[in-house]
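Student: Could you take me slowly through one part of this structure, looking closely at a single side chain and then at what lies around it?

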Amino acid sequence: MSVTPLAAVPSVHRAAPVFRGRLGRDARSGHHAVPHRYRLHLSTACPAGLRLAVAHSLLGLDTGCPVTFLPAVPDCPDGGHSALRPLYEASAHHYTGPALGPVLSDDWSGRIVSTHAPDILRDLDRFPHEGQVSLYPCGPESVIEAVERMCAQGIEEAAQRAGRAGADPAERAAALDVLLGTLGRLENRLAGDEYLVDDRLTAADVELWAALVQLDTVHRCHLDASAVHRIAGHRALWAYARRLAAHPAFGRHLDLDGISRRHHGRCQGLEAAGAAVQILDWAGHAADAEDASRR
């Protein structure tokens, strides 16, 4: 499968992460991917944390790499988590920045390996795991990377620009066009296919699903009703999101109340008419996932 290039989507500069260690596949690496050594710290109300939680469940890493769940709303004035402060201070001398999640830590040293969520997601796939899923199978790496860019730039960043308060109307309209164009390309990919890559679950599906959750639960609130109806018109895309929400590894991590509280605690934008036009019944589909996990 190929994915249309994203030449029309502008690249946005991101601040460098504070910690960016990597896990290796053998003992010669500084951080060998062995069970029971590492720990994830994340909030599922955060898009990056939600992606990691879903991937962690798909890979069956509950015992091999335990998770410490953080509150939906950080408890420090700088936006950090007090529970993570000891890890940051042990990992960087005189650290003064916010103690942000998600974090992959090394329980043997009590220090941080990485705070860069895309690297952590790839490194989770290096662990010996009980799950049958390979998030980054050999062969379609470029396709998965293209989907990741589409989600980050063509969905999340475009949706933010399209709903930005005080932005020029032409700028918002252009951002909405980018968003709808990206959704249209993904819609075409999913017409007749269950998943994005080679008819199997991969990191591409984790990325897209979390982006769609964020689009419907957060970004929609700052768009007008007409825009939301156009977004909802991508029927194959939202049927795919609904189907994955009913999968235990996805739906059980949906913290809708936490997402709402995190959004209202951080957002400085204005609510628009699209807030009243919910696309999916996420709570209902998450309940289906919970029922499936009990069977």
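**A tryptophan and its core**

Tutor: Leaving aside neighbours within four places in sequence, Trp209 is in contact with Leu50, Val54, Ala241, Leu244, Ala245, Phe250, Leu254 and Trp282, where contact means heavy atoms within 4.5 Å. The model is predicted, so local features need pLDDT of at least 70 and side-chain atom pairs count only at pLDDT 80 or more, while totals for chains, interfaces and linings use all residues. Residues are numbered from 1 along each chain as its sequence is written, and side-chain values use heavy atoms, with hydrogens and water left out.

Trp209 is also among the residues with the most contacts inside the largest nonpolar core, together with Leu124, Leu135 and Leu208, and this core has 79 residues. A nonpolar core is a set of buried Ala, Val, Leu, Ile, Met, Phe, Trp, Tyr and Cys residues joined through side-chain atoms within 4.5 Å, and buried means under 20% relative accessible area, against over 50% for exposed and in between for partly exposed (1.4 Å probe, protein chains only). Helix α6, residues 203-217, gives the most to this core, with 10 residues; helices (H or I, at least four residues) and strands (E, at least two) are DSSP runs, numbered from the N terminus. Apart from this core lies another, of 10 residues, including Leu70, Leu84, Tyr88 and Val103.
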